[in-house]
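Please keep the sequence and the coordinates at hand while reading.

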Amino acid sequence: MYEMLDRLPANIVISDSVLRLLLSTAILIVVVVILRMLVARFIRRKVASHELRRKWLVNSRNGFLLLMLLGLVLIWGAELRTLALSVVAIAVAFVVATKELILCVIGSIIKTGARSFSLGSRIQVKDFRGDVIDQSLLTTTILEVGPGKNVHQRTGRMVVIPNAVFVSEPVVNESFTYEYGFHVFTVPFKLNDDWRGAQKALLEAANRLCGPYIEEVRGHMSNVSMYRGLEVPSVDPRVTIQVPTAGELHLVVRVPVRPGEKGFIEQSILLEVFTQNDFQKKSEKPTDEISGRGD
């Protein structure tokens, strides 16, 4: 054991530069402490006011502390720069290696801070669309709905979305108003079809199916508009007209629905209208065929 103790000092090697830095640090600390004691003694003897004495004692203490920190930075500046470069290199390597994980955490913070959606909301991010069933720090899990943007039935597939997507991609929340919302679907016709009769039939079917809860929707939208500071929207069913191309006409149906009943209401309206009506105009027969005569 004595042999190990004898060899210990020989194994510890401290360079001359480090010794000079340590000696300078010790001298700095001693000088600052002595000056601090002298100034504090002078203030206690010469300042009569208690409030002014306390104020000067605190200010002098903080001033000497700042002076000591500044002296330490000047003494150890070169070593601190070397250490800072090493820390920066390690930090850059860490960021490069964990870039995706960091983006996932940032995406989680963004969607939580913006309150983009919650469990049960129906959302669309890029080509992913479905109902949110789970959220974590790194991922969001949805039950897929589709195919496409106009279908509201579940496909049976589960999609796990990394939260990094929410950093750069917009989020569409189809359940923004939670209890009630609006659903829009399009019914195409030709210009020579009976689209006026179809417009009337679609509006009647929409009013009949949405009538039982239309007042609840009106009250809910009024509360949401007041909370959000928005104008209260009209909640009555509408059927508007669009002409996308020459020779075609689209009837755009907008109805108030519960978030989970969009597909059900749409199919109910279409079934009721098209099982009871035929809006395609029959072509007229030639006059000779009607009279049954020839030349």
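Predicted model: local features only at pLDDT ≥ 70, side-chain atom pairs only at ≥ 80, totals over all residues.

Which residue in E5 is the bridge partner of glutamine 124? The partner is valine 172. E1 and E5 pair in the antiparallel sense, over three bridges.

That pairing belongs to an open sheet of five strands, arranged in the order E4-E3-E2-E1-E5 with antiparallel pairing. The edges are taken by strand E4 (154-162) and strand E5 (171-173); each has a single partner strand, so one side of each is left without a neighbour in the sheet. From one strand to the next, the twist averages 40°.

A further antiparallel pairing joins strand E7 (residues 238-242) to strand E8 (residues 248-257) through five bridges. E7 and E8 form a hairpin, with five residues between them. In the turn, glycine 247 has a positive phi of about 90°. Arginine 238 stands opposite arginine 254 in E8. Arginine 254 also lies over the face of phenylalanine 182, at 4.3 Å from the ring centre. Another arginine placed over a ring is arginine 258, which lies over the face of tyrosine 213 at 4.8 Å from the ring centre.

The aromatic rings come next. A pair of such rings is described by the distance of the centres and the angle of the planes. The structure holds five aromatic pairs.

Phenylalanine 189 and phenylalanine 274 form a stacked pair, with 6.4 Å from centre to centre and 25° between the planes. This pair also links distant parts of the chain, here 85 residues apart, with phenylalanine 189 in strand E6 (residues 181-190) and phenylalanine 274 in helix H9 (residues 262-276). Phenylalanine 189 has a relative accessible area of 9%, which is under 20%, so it counts as buried. Phenylalanine 274, at 38% relative accessibility, counts as partly exposed. Ring pairs link Phe189 and Phe274 with Phe279 into a cluster.

Conventions: Residues numbered from 1 in each chain as written. Heavy atoms only, no water. Phe/Tyr/Trp six-rings, centres within 6.5 Å; stacked < 30°, edge-to-face > 60°. Helix = DSSP H or I, 4+ residues; strand = E, 2+ residues; numbered from the N terminus. Buried < 20%, exposed > 50% of the residue type's maximum accessible area, 1.4 Å probe, protein only. Lys NZ or Arg CZ within 6 Å of the ring centre and 35° of its normal. Pairing = 2+ DSSP bridges. Axes fitted to C-alpha atoms, helices over the stretch in contact; angles between N-to-C directions.
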